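Subject: Structure handover

Hello,

Here is the structure I promised to pass on. Please open it first, then read my notes below.

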Amino acid sequence: MTESAHQDTPEQVEFREHCRTWLAANKPGEPGVRLPLSPLEIMTQEQLDYLQAWQKAAYDAGMIGCDYPVTVGGGSRSDCQRIANEEMKGARTPFLPNVIGLGMAAPTVFYHAQDELKERLLPRLFSGEDIWCQGFSEPGAGSDLASVQTFAERKGDKWLINGHKVWTSLAHFAEWMILLLRTDRSHKYDGLSYFVVPIRSALGNGVTVRPLIKMTGETGFNEVIFEDLEVDDSYRLDELGKGWQVAMTTLLHERGAGDLKTPSAGGMKSKTTHSTTTSSLIDLARNTMRNGRPALEDPLLRDQIMQLIIREAGLGINQRRARVAGLQDHPSRLLLQNKLLASEIAQDIGALALEIAGASASLYLGDSNAPAGGQWPLSYMNSYGMTIAAGTSEVQRNILGERVLGLAKSK
Amino acid sequence: MTQPDNFGFEEEAALLKDSARKFFADNFTTDKLHTMVAADFEPERMSGCHWDAALWQQLVELGWAAVAVPESAGGLGMPLSAVAGLVEEVGRAAFPCPLLATLNAVYVLAAIGADAETALTEIAEGRTASLATINRDGAWDAALTEVVCDAGTLSGTAWFVQDARKVDRLLVAARNGERIALYWVPIDAPGVTVQPDAIVDLTRDQAHIAFDSVAAEPVCADGLPALQQAMPAVWTLLAADITGAAEWQLQTTVDYANARQQFDHSLGFFQAVKHPLVDVMIHIDQSKSLVYNAACAFDFEPDEAARFAHMAKASASDLAAFASGRAVQFHGGIGFTWECFLHLYFKRQTHSQMLWGDGPWHRARMADIVLGKVA
Ligand SMILES: Cc1cc2nc3c(=O)[nH]c(=O)nc-3n(C[C@H](O)[C@H](O)[C@H](O)COP(=O)(O)OP(=O)(O)OC[C@H]3O[C@@H](n4cnc5c(N)ncnc54)[C@H](O)[C@@H]3O)c2cc1C
């Protein structure tokens with residue numbers, strides 16, 4: 001069989017080699033602090049400093065934003081982000097802190113902002129020097145996102161913004177926010193507009209950021225209150241009243257189905273990190289005794305572990321099959337399953353880990369007898385953040401049923 | 001050895017899959033299938049063997065029965081991922097034919113090597129075959145065969161032989177002294193009696209086959225290694241068939257959910273219908289990805305073939321049950337009737353779910369590979 005047609009392009013080969021060499025020499029060392037499970041629970045400046053330094057180094061090495069044009073701080077490469085992601089994953093590097101910037105803000109700004117704004121914002125976004133956050137959800141607008149009420153009122157070539165955003169991840173560190181708001185109350189969808197807003201510089205001057213505490217006891221998301229914040233019209237993306245269309249670009253990329261790949265990194269394995277994978281589950285089962293034997297020998301548990309390995313493998317192979325044209329019938333059928341499956345598999349791995357741990361599952365962070373330092377109950381609880389954020393699992397199933405299967409739109 | 005990124009699924013594989021889908025759409029509608037196999041609804045009827053031998057002959061002439069036969073024996077020698085693509089379409093059409101049975105024999109024969117050249121050539125020329133390796137308990141392990149070879153003749157019974165009344169040859173596993181040997185036996189050889197089973201599935205036939213002093217020469221004196229090497233292909237292809245059939249079940253149910261109105265909406269509007277249909281799709285995609293991964297491993301990464309094939313068949317067996325249940329449930333009363341075509345797929349899937357091991361069976365073996373056996 002001819003393999004060559006499906007191997008990397010010469011550019012990709014060379015780039016992969018570059019990533020490998022660089023990572024071998026420059027993979028960051030152990031953090032001095034316990035890292036959270038994901039960027040959504042970064043709580044302290046020390047954690048952020050470590051992670052920001054890593055993102056900056058990876059950006060300087062050309063592994064972030066590689067497929068964006070050089071003019072906006074990218075690498076002008078072709079289909080190379082995927083390669084960088086694979087290599088960072090293989091090297092088990094730490095995660096990148098500016099997730100919302102990289103995954104959502106960058107493609108949105110790239111497709112909808114004026115050149116001047118892109119050229120100004122994107123380089124510092126890619127390097128991680130500017131952290132970004134996403135101001136979409138509100139107390140009255142979650143799954144039904146188009147009902148947001150935060151309002152911008154025109155004042156000459158400025159806008160006055162008032163409103164209340166919630167669950168705003170990373171707002172406590174963010175320089176910039178992508179902001180979906182209303183400029184017209186008489187049309188639900190056509191009354192929406194989209195802005196990028198510098199929030200850090202406006203703290204105490206129209207913007208208040210207050211932490212919300214998660215069920216785990218961690219912080220990481222916030223409420224953000226706008227009181228007469230004045231914003232220049234040049235920060236508006238696309239036309240007035242086109243906010244919903246712009247938000248679709250954001251959501252498409254957030255759900256992994258956009259054309260610009262999100263830079264993503266490794267899943268570090270170190271003393272201070274924990275990964276929710278079936279291999280950690282197997283380690284746990286091997287080290288947990290049940291009736292005097294390792295839990296791993298229990299036939300029921302073996303079956304449950306195999307079920308999860310099968311689902312985990314299926315998800316990984318979906319990504320690979322999505323690139324083989326002859327093996328799919330609908331262009332976004334596999335991509336749109338990604339977030340839903342990843343979050344539900346992680347949740348089920350966590351649930352099974354607690355069952356395996358049995359009585360020890362009662363032990364939490366800070367207890368020296370807790371399996372994996374108490375991170376299993378932590379990651380299990382955090383998995384609910386993932387099945388809720390970025391469109392709940394129920395909403396994802398609506399989208400798949402409607403866009404892919406063509407079923408009638410549910411309310 | 002590593003797997004190529006595209007599963008070894010090249011352009012010719014895509015062409016084969018597309019033309020198979022088109023062939024069945026043009027020549028073999030579900031309506032035709034129903035008329036052919038479901039004329040009689042008597043529950044205690046003896047299983048028939050209803051199929052369109054002339055249409056099958058067209059497939060043979062297209063070369064599809066020889067896709068897996070090595071080129072050295074006159075076949076097309078296509079990779080397993082290409083063969084899986086073809087089988088997926090056969091499953092989607094639920095086409096009654098001895099393709100899967102014959103492919104299974106091909107992979108065992110190919111694993112035997114030079115001694116099986118003659119048998120493989122016969123298949124390349126259009127003969128069909130089925131494996132006769134399983135005992136009365138349905139233990140999917142040829143080491144437990146009830147057939148014995150003594151002084152050059154076979155005696156005993158082989159069970160769960162697929163499409164037995166459609167095939168020309170049997171590849172029989174028989175105990176010969178300490179070993180399990182394999183024999184290539186014409187179905188009409190003196191002393192062979194085909195005893196049809198009454199089975200649930202209307203799209204296949206199955207039999208147990210009695211051997212009474214059947215004269216036979218082994219094609220392989222020590223058959224278990226060849227069987228062991230071939231079984232991942234057998235599991236993978238059946239999983240491909242299930243996946244194709246599940247795609248038909250999903251599409252048919254989606255069409256119905258769009259057409260049928262209740263409470264002023266089409267059924268698909270309601271999430272109690274919509275979400276499980278999405279879950280069927282997700283399960284299809286998982287199984288399908290695992291099928292092509294297993295197929296690719298068979299050709300490119302043989303050390304991993306068994307593990308990946310267990311994953312594919314475990315996933316597909318569960319899919320068979322899940323897709324069938326949801327399809328019937330979401331058709332309501334009509335889905336429960338003989339008149340509605342769904343029952344054909346429900347029954348085919350039930351048969352496929354169990355054949356060559358169901359989900360728990362494959363996961364138990366996979367666990368032995370992944371975690372090590374329990375002492
Ligand atoms: C960890 C975390 C981080 C987040 N980060 C951000 C962020 O950075 N920026 C931001 O803007 N938002 C963020 N969010 C908010 C997130 O997008 C919303 O929580 C989510 O969209 C759900 O909205 P809601 O919480 O209002 O729940 P609701 O919409 O009120 O939903 C409640 C329940 O009802 C179900 N439901 C609602 N509508 C339907 C329907 N049509 N069909 C079926 N079921 C339905 C939901 O699935 C859910 O189970 C974050 C959330 C979490 C948990």
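Which backbone lies 2.8 Å from a nitrogen atom of the ligand? The answer is A:Gln134, through a backbone N or O atom. One caution before the rest: this is a predicted model.

**The ligand**

Start with its place. The ligand lies between chains A and B.

A backbone N or O atom of A:Phe136 lies 3.0 Å from an oxygen atom of the ligand. For A:Ser137, a polar backbone atom is 2.8 Å from a ligand oxygen atom. As for cover, the ligand on its own has 960 Å² of accessible area, and the protein covers 70% of that.

**The interface**

Now to the two chains themselves. The size of an interface is often given as the accessible area lost when the parts come together. Here, chain B and chain A bury about 4300 Å² between them. Carbon and sulfur atoms account for 62% of that area. Chain B brings 53 residues to the contact, and chain A brings 46 residues.

How many salt bridges are found across the interface of chain B and chain A? There are 9. One to look up joins the side chains of A:Arg333 and B:Glu247, at 3.2 Å from N to O. Polar contacts between chain B and chain A come to 24 residue pairs, counting pairs with both residues at pLDDT 80 or more.

Which helices of chain B supply at least two residues each of the side that touches chain A? They are H1 (11-27), H7 (224-259), H8 (271-300), H9 (305-329) and H12 (359-371). The largest share of that side comes from H8(B), with 18 residues. By class, the side of chain B that touches chain A has 26 nonpolar, 13 polar and 14 charged residues.

**Where to begin**

I would open the view at the ligand, between chains A and B. Then go to A:Arg333 and B:Glu247 for the salt bridge. Finish on H8(B), which gives 18 residues to the side of chain B that touches chain A.

Best wishes

Note on methods
Residues numbered from 1 in each chain as written. Chains lettered and ligands numbered in written order. Heavy atoms only, no water. Near = heavy atom within 4 Å. Polar contact = N/O pair within 3.5 Å; in protein donor to acceptor, adjacent residues only side chain to side chain. Areas by Shrake-Rupley, 256 points an atom, 1.4 Å probe, with all protein chains shown as cover. Contact = heavy atoms within 4.5 Å. Buried area = accessible area lost by both parts, 1.4 Å probe. Salt bridge = Lys/Arg side-chain N within 4 Å of Asp/Glu carboxyl O. Helix = DSSP H or I, 4+ residues; strand = E, 2+ residues; numbered from the N terminus. Nonpolar A, V, L, I, M, F, W, Y, C, P; charged D, E, K, R; others polar.
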